[in-house]
Amino acid sequence: MQPRDRYQLRQFVFFSLLGLLGCHAPALAEVPAEWQGKWSSHSGRCEPVSGEVEVLTITAADLGFYEVGCELSKATRSGKSLRFDARCYKGGSPVTPGKVVLRRHAAKEIDLTLEGFSWIAAKPQRFQRC
């Protein structure tokens, strides 16, 4: 199973469980179209390669790369940055609340920072548009 397929399956399971448990997910964000799509950690390579290339996929309401998935909600825009309240997981870790920050450097280059999660350092990761 490809990493993308695992990500989609985890999303389906996560939201199905929320529904079964009677939990209500927060209002979903609307990520602007210019931020949506596939982004790569390695210029010119848009397929994941374990340990070498990570591919970030951003949709209107969530994002995912490698084993990380985040549902985005309330957004705040500040200059070239978008900051979202988010609920994220990595691999088999529980879903936890935190912040997702996207910062544009150029038309085809962004930084992603995940804040408030014990399983990742809050330092920017750079991605280029696929």
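Visitor: Are Phe117 and Trp119 buried or exposed?

Guide: Buried means under 20% relative accessible area, exposed over 50%, partly exposed in between, with a 1.4 Å probe and protein chains only. Here both Phe117 and Trp119 are buried. Across the protein, 34% of the 130 residues are buried. Note that this is a predicted model: local features need pLDDT of at least 70, side-chain atom pairs count only at pLDDT 80 or more, and totals for chains, interfaces and linings use all residues. Residues are numbered from 1 along each chain as its sequence is written, and side-chain values use heavy atoms, without hydrogens and water.

Visitor: Which aromatic pairs does the search find?

Guide: Rings of Phe, Tyr and Trp (its six-membered ring) pair if their centres lie within 6.5 Å; planes under 30 degrees apart count as stacked, over 60 as edge-to-face and the rest as tilted. The whole structure holds two such pairs. Phe65 and Phe127 are edge-to-face, 6.0 Å centre to centre with 65° between the planes. Phe65 lies in strand 3 and Phe127 in strand 8 (residues 125-129), 62 residues apart, linking distant parts of the chain. Phe65 and Phe127 are buried. Phe117 and Trp119 are stacked, at 5.0 Å centre to centre and 25° between the planes.

Visitor: In what sense do strand 1 and strand 2 pair?

Guide: Two strands pair if DSSP finds at least two bridges between them. Strand 1 (residues 37-40) and strand 2 are antiparallel, over four bridges. Strand 2 and strand 3 are also antiparallel, over two bridges. A hairpin of three residues joins strand 2 to strand 3. Follow Thr57: Lys38 stands opposite Thr57 in strand 2, and Gly64 in strand 3 is the bridge partner of Thr57.

Visitor: Which residues touch the most other members of the largest nonpolar core?

Guide: A nonpolar core is a set of buried Ala, Val, Leu, Ile, Met, Phe, Trp, Tyr and Cys residues joined through side-chain atoms within 4.5 Å. The largest has 23 residues; Leu56, Leu72, Val100, Leu112 and Leu114 touch the most other members. Strand 5 (81-90) is among the elements giving two or more residues. Strand 5 gives the most, with four residues.

Visitor: What does Leu114 touch?

Guide: Contact means heavy atoms within 4.5 Å. Beyond four places in sequence, the partners of Leu114 include Phe65, Val100 and Trp119.
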